[in-house]
Amino acid sequence: QGFRTLVHKFLAPRWRLILRRPAKNPEASETLPLNLLGLITEVSIKDLILAKVFLGICVAGMEPVASPCPCRLTLLNLSNVRIGDAGMEALASSTKFPSLTSLNVSGGEIREGGFRALAASQNFPSLTALCASSNTAGAAGVQALSGSPYFPKLAHLNLLENGMDETGMFALAGSPHFPNLALLNVNGNLVGSFGALALAASPHYSSLTSLSVCGNALKCSGLRGLAESPNFPLLRHLNVADNLVEDTGMRAFALSEGFPNLTSLFVSRNDISDSGIQALAEAGKFPSLTFIDASLNYIGDAGLRALAGSPGFPELASLNLSSNELGDEGLAALAASLNFSRLMTLNLGVNRVGSQGMRALASSPRFPALTA
């Protein structure tokens, strides 16, 4: 109810919020009239709360404005505000936000009905970024959103942890309505290998530069399908962490030609051992990589030696191998490597490295850019 009031009254272009900042003398309290949407282009409920806590400013009332002020709101952040389906329906039916480009309703307890209402709305023609993570869209909600032709400018879509299965991914993969999508985050769902294969086969996402499918049980076949797809020529960021891809999946990925421009790769928590990381090191297919996160795997000294001896990562600036099975021998090989002159951050925490390995690294002149 409170959110509906905010949408229909507080944020209506014909209303003025009266903000009051109390003075020491109550009779001298200062009234601060403000045409909210006429002056402010970014607002969140948290902003109103913080204004009261830190500045002593609070909403004292409303008054009508003689002439309507243009609605210039471009960013609306309602993260972790439990608007539910009713709140989303109120927002979707409002005509007050024609200039809105970014909407964040993450953690809003929005279910299928709320997503259907958003999908049917024609009131956000300028929307380029939608963050609806940590809700419960389910397959049906994602299907509704995928079938909507009303978001042609959408470039960023975040559907993390929404209870989406492979059916939802089939709908998303088959949608022609997001031709400008550059960032897609479906982490923490359960699209499975078939969902990944559907996305890999889709011709509609050639504009993607960032794809996050962490924690979706892709397994080897799902990763292989993505890696072998010719449909992601611009992809630079790939997060496939926590997908049970194992060494077989890493070998398939390493031999693929699908990501020639990849700069960052997340493969943590994937049951990868020396064999998988050796395949990546020996393939030499990713010369643009600047960031590798292979933490929480089973990589030992042999794997680190292979990385250290590979000239295939000339741009690498950040390497995370924490929580593996590395020892002094592997670290000594890394310390002697000539291939990581651009390395700036190195994370080797929670391994089996002793004083000998640390002395080798500390005395190495091979890392002039290392800062952390």
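Apart from its neighbours within four places in sequence, Phe259 is in contact with Leu226, Ala227, Phe232, Leu235, Leu238, Phe253 and Phe286 (contact means heavy atoms within 4.5 Å). The model is predicted, with pLDDT of at least 70 needed for local features and 80 or more for side-chain atom pairs, while totals for chains, interfaces and linings use all residues. Residues are numbered from 1 along each chain as its sequence is written, and side-chain values use heavy atoms, with hydrogens and water left out.

Phe259 is also one of the residues with the most contacts inside the largest nonpolar core, together with Leu226 and Phe253. That core has 83 residues. A nonpolar core is a set of buried Ala, Val, Leu, Ile, Met, Phe, Trp, Tyr and Cys residues joined through side-chain atoms within 4.5 Å. Buried means under 20% relative accessible area, exposed over 50%, and partly exposed in between, with a 1.4 Å probe and protein chains only.

## The aromatic cluster

The structure holds 4 aromatic pairs; rings of Phe, Tyr and Trp (its six-membered ring) pair if their centres lie within 6.5 Å, and planes under 30 degrees apart count as stacked, over 60 as edge-to-face and the rest as tilted. The pair of Phe253 and Phe286 is stacked, because the ring centres are 5.0 Å apart and the planes lie at 10°. This pair links distant parts of the chain, 33 residues apart: Phe253 belongs to helix H10 (residues 246-254), and Phe286 to the loop between helix H11 (274-283) and S13. Both Phe253 and Phe286 are buried.

Ring pairs join Phe232, Phe253, Phe259 and Phe286 into a cluster.

## Overall composition

The protein chain contains 14 helices and 15 strands. These elements are DSSP runs numbered from the N terminus, with helices being H or I of at least four residues and strands E of at least two. Of the 372 residues in the protein chain, 49% are buried. Among contacts between residues at least 6 apart in sequence, 88% join residues at least 24 apart.

## Two helix pairs

Helix H7 (residues 166-173) and helix H8 (residues 192-201) pack at an angle of about 0°, and their axes are 8 Å apart. This angle makes H7 roughly parallel to H8. H7 contributes Glu166, Met169, Phe170 and Ala173 to the contact, and H8 contributes Phe194, Gly195, Ala198 and Leu199. These residues divide into 6 nonpolar, 1 polar and 1 charged. Axes are lines fitted to C-alpha atoms, for helices over the stretch in contact, and angles run from 0 to 180 degrees between N-to-C directions. Angles under 35 degrees count as roughly parallel, over 145 as roughly antiparallel, 65 to 115 as roughly perpendicular and the rest as oblique.

For helix H4 (residues 84-93) and helix H5 (residues 112-120), the axes come within 8 Å and cross at roughly 5°. H4 is therefore roughly parallel to H5. The contact involves Asp85, Met88, Glu89 and Ala92 of H4, with Gly113, Gly114, Ala117 and Leu118 of H5. Here the division is 4 nonpolar, 2 polar and 2 charged, where Ala, Val, Leu, Ile, Met, Phe, Trp, Tyr, Cys and Pro count as nonpolar, Asp, Glu, Lys and Arg as charged, and the others, Gly among them, as polar.

Helix H6 (residues 138-146) is largely enclosed by the rest of the structure, because 7 of its 9 residues are buried. Those residues are Gly138, Ala139, Gly141, Val142, Ala144, Leu145 and Ser146. Their cover includes H5, strand S7 (129-131), strand S8 (156-158) and H7.

In H11, the buried residues are Gly276, Ile277, Ala279, Leu280 and Ala281. They pack against H10, strand S12 (264-266) and H12. Just after H11, Gly284 takes a positive phi of about 65°.

## Buried polar and charged sites

Asp293 is found in strand S13 and counts as buried at 10% relative accessibility. Leaving aside neighbours within four places in sequence, Asp293 is in contact with Leu265, Phe266, Val267, Ser268 and Asn320. Ser295 lies in the loop between strand S13 (291-293) and helix H12 (301-308). With 6% relative accessibility, Ser295 is buried, and its contacts beyond four places in sequence are Ser268, Arg269, Asn320, Leu321, Ser322 and Asn324.

Ser193, in helix H8, counts as buried at 18% relative accessibility. Not counting residues up to four places away in sequence, Ser193 touches Ala217, Leu218, Ser221 and Gly222.
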